[in-house]
Amino acid sequence: MIGYIFRRILAVVPVMLIVAVFVFLLLRLTPGDPAAILAGDAATPAQLERIRTSLGLNEPIYVQFTTWVDQLMHGNLGISLISNTPVAQMIGQRIWPTINIAILTIILSVAIAVPMGVVAAWRHRTWVDYAVMSFSVLGFSVPVFVIGYVLIKFFSIDLRWLPVQGYTPPSQDFGKFLSRAILPCLTLATIYVALIARMTRASLLEVLGEDYIRTARAKGVKERVVLFRHALSNAAVPILTIIGTGFALLIGGVVVTESVFNIPGVGRLTVDAILARDYPVIQGIILLMSGTYVFINLLIDLSYSFFDPRIRY
Amino acid sequence: MLSETDRIQGDAPRASSRHWNRTARHVAAGLMAGVMLAGASMGTAAQAAEKTITAVMHSGLRVLDPIITTAHIVRDHGYMIYDVLVAQDHTFTPKPQMADWTISDDKTVYTFTLRDGLKFHDGSPVTAADAVASLKRWGQRDSGGQLIFDVTDSLAARDDKTIVWTLKEPYPPLLDTISKQSAVPPFIMPASVAATPPDQAITNHIGSGPFKFVESEYQPGVSVTYEKFDGYVPRDEPADWMAGGKVVNVDKVTWVTMPDAQTTINALLSGEVDYMEQVPVDLLPILQSSEDVTVEVRDPLGFQSIGRMNFLYPPFDNVKVRKAAMMALSQQDVMGTLVGNPDYYKICGSMFGCGTPLEDETGADTLINGGDIDGAKKLLAESGYDGTPVVLMQPTDVPTISAQPIVAAQALRNAGFTVDMQPMDWQTLVTRRASQAKPSEGGWNLFFTNWAVPEINSPLISPMLNGRGNDAWFGWPTDEKLEELRKEFIAAQTSEERKAVAHKIQAHAMDVVNYIPLGQFLSPQARSNKLTDMIQSPVPVFWQIKKAD
């Protein structure tokens, strides 16, 4: 197991290297000029040229690349071309809202979706099953911004129970964090509830037809134990995969939800950086996201053996 | 509902049903507690934030150096934390702000005297040396400033309070230029900060303005907080545009960036924010129906929309073709499509904007009277236009510039032009417009943008009215007559003389189609009724404002 983990962590290095080269070249080949954003509309061509030189954008691409890689080797993600702020600091400011919202969304989604999926599978082809599946289809189909606006209209504008927008760190005021996070998490959870509930149902249906389930029932084991101990734990692998992937996607940035609820997360930072062609910030975020995906995939793989002892590394 | 649940779950899982019910009750109780806690904390926050104005500005603040960039949000930031020597009132008249002045009889020596009580946010006094260093840095970045420094013999501090600016020859618009509101006003910084090269951003943000920048709460592109500077001594005169006493009546101002206008409106309606700088006109009815919110126009000048052609390549290297293109366009069509509500736009053929001292609509007859397609067709035929496609750049991600290319493209096609409209994001456009390549090889023929009227209200500061070829703004016209007229404008001694020369510039620039003014639009703002005493100003300022409990 330890050898496996070590090999997987080592495998991160070439992945990150490929990502780094690819992202760097892609950005340089994309039309756009950070100096133009920095200087504003009235800047003359001569002024733009001087700013480009000052930002190092007139250096040959290989020089820019080696400078960046050298910085990375020293644990430095660089400085934003636009705000003149360290990229690590910018990502540090924006990653926590994203992580906190993602965690709360996943908790909410799992808490709602897994029981829904279990019930749907258990009452297969009854109206309960159809209701759960209908909700899933709805969850997939309705755009998140529509759900967000409807929730805002109802809970914030009409009832005035919850704030419309914004983010407060839980460390600063947990109650305020919760009140501001509920609506975006509910909005985001809709699609994940649909996804996880469907996956739970499908996996469970497969397992419920197995001989050992019939045996357990024949032995008089309580239905609750059959469902949760025997069936669900054996159906957990695909459910875990979908939860892990969902979490990684949430960390990767949910731009629309962040915009609708004005959450200063990584998604908005990414979009802003791309629009401004803020190369070091884009590169830093993509590297971070790649690392996060690799790490979460590793955790998912390792968790398989916990739920299914037959899986060994 | 309960019976249905019982029926669904049957006998076997009844125990789990009870368990789930308990769990559901616990979860519901937890959520309710959370919401109540949140409500309580919101109430506490509301009490603590009584004198904090939360404002949603037109853009996120990402750059903190108001000299290195012409971006409006950075200029607005500059007015929060810095002060200027001279400022303009609503008649565009320069008024003393940090300093009074005298002018020598031969009009070549300007002596500025700093007023008493000026302090930077770190407590150190503002000295003449700080002002000199700041003006010199500004003069290297600002096009108007460069013109002054072209005729500057010396600029020096005589003592701690006196700045002496000696010119080689009289430069009558000096005070107008250093008091301008946009794009780059000469903000006064500590000399050590102003020593930063003008093409590098400053890293120290200490000013002497009415608000202090709170660095610890700054998140680029997300939020920025300003605290009242208790050491600021406002002038005695009433506030009048950028001039007069900057009296601060609140403790803090926080600018929050909200990328979604609907969210901002919702937040304003729910009382979470106090002020929205730019409200999309199509969303105005939502706010106008609220009793808690006032919609108004604080900037009576607004923005001028323009079209700019590339003078280097066919077909717009031919003045007749440029004229035909202008003749095909109608400001009414452009503004009607862009803004819609006539309360928020005006037809204006003046290159210096309407409502300004130099307003003059000479040469704009067809533009302001619905266009003349037949005339355009005739002129195009006379020009020898050979069907060369007009590469028209269309930004798709900036709502205030998205309609103009579409309307213009159709008008040009109606007149007989072949139009190649190329959609792209604004960033790609600003990069591509700097290219002098042929339009068919990555260059361009025509693009559109908007200017705040104070940025174009004089031939000395309007970026387009420059005929220096490759040194001119994008489009690169070589126009010796325009340069001569600008010199004549500089030499004009009185406002009447300046207006007369401006008339000649307007007539000439429209005759050669230096650019196409496409109308002037206003930007409605919205505020909570808790905010009062907000002054009219072309720059959104936060002094004078009072906030009710």
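Chain A and chain B meet through 52 residues of chain A and 49 residues of chain B, where contact means that the C-beta atoms of two residues, placed from the backbone, lie within 7 Å. Keep in mind that this is a predicted model: local features need pLDDT of at least 70, side-chain atom pairs count only at pLDDT 80 or more, and totals for chains, interfaces and linings use all residues. Residues are numbered from 1 along each chain as its sequence is written, while chains are lettered from A and ligands numbered from 1 in the order in which they are written.

**The A side of the interface**

- Several helices of chain A each supply at least two residues to the side that touches chain B, among them α5 (87–122), α8 (174–208) and α13 (266–275); helices (H or I, at least four residues) and strands (E, at least two) are DSSP runs, numbered from the N terminus.
- The largest share of that side, six residues, comes from α3(A).
- By class, the chain A side that touches chain B has 25 nonpolar, 15 polar and twelve charged residues (Ala, Val, Leu, Ile, Met, Phe, Trp, Tyr, Cys and Pro are nonpolar, Asp, Glu, Lys and Arg are charged, and the others, Gly among them, are polar).

**A four-stranded sheet in chain B**

- Chain B has an open sheet of four strands in the order β5-β6-β8-β7, with antiparallel pairing; strands pair if DSSP finds at least two bridges between them.
- At the edges sit β5 (99–103) and β7 (152–157) of chain B, each pairing on one side only.
- Neighbouring strands here are turned by 15° against each other on average, direction ignored.
- Helix α4 (residues 128–141) of chain B packs on the sheet and touches β6, β7 and β8 (162–167) of chain B, and its direction makes about 145° with that of β7(B) (axes are lines fitted to C-alpha atoms, for helices over the stretch in contact, and angles run from 0 to 180 degrees between N-to-C directions).
- Five bridges join β5(B) to the antiparallel strand β6 (residues 109–114) of chain B, and I103(B) has Y110(B) as its bridge partner in β6(B).

- K107(B), in the loop between β5 and β6 of chain B, has a positive phi of about 60° although it is not a glycine.
- K107(B) is partly exposed, with 14 other C-beta atoms within 10 Å (20 or more means buried, 12 or fewer exposed, and in between partly exposed, with C-beta atoms placed from the backbone).
- Q544(B), another residue other than glycine, has a positive phi near 75°, and Q544(B) counts as buried because it has 20 C-beta neighbours inside 10 Å.
- The peptide bond from P314(B) to P315(B) is cis, with omega near 5°, and P315(B) lies in the loop between β15 (303–309) and α10 (319–328) of chain B.
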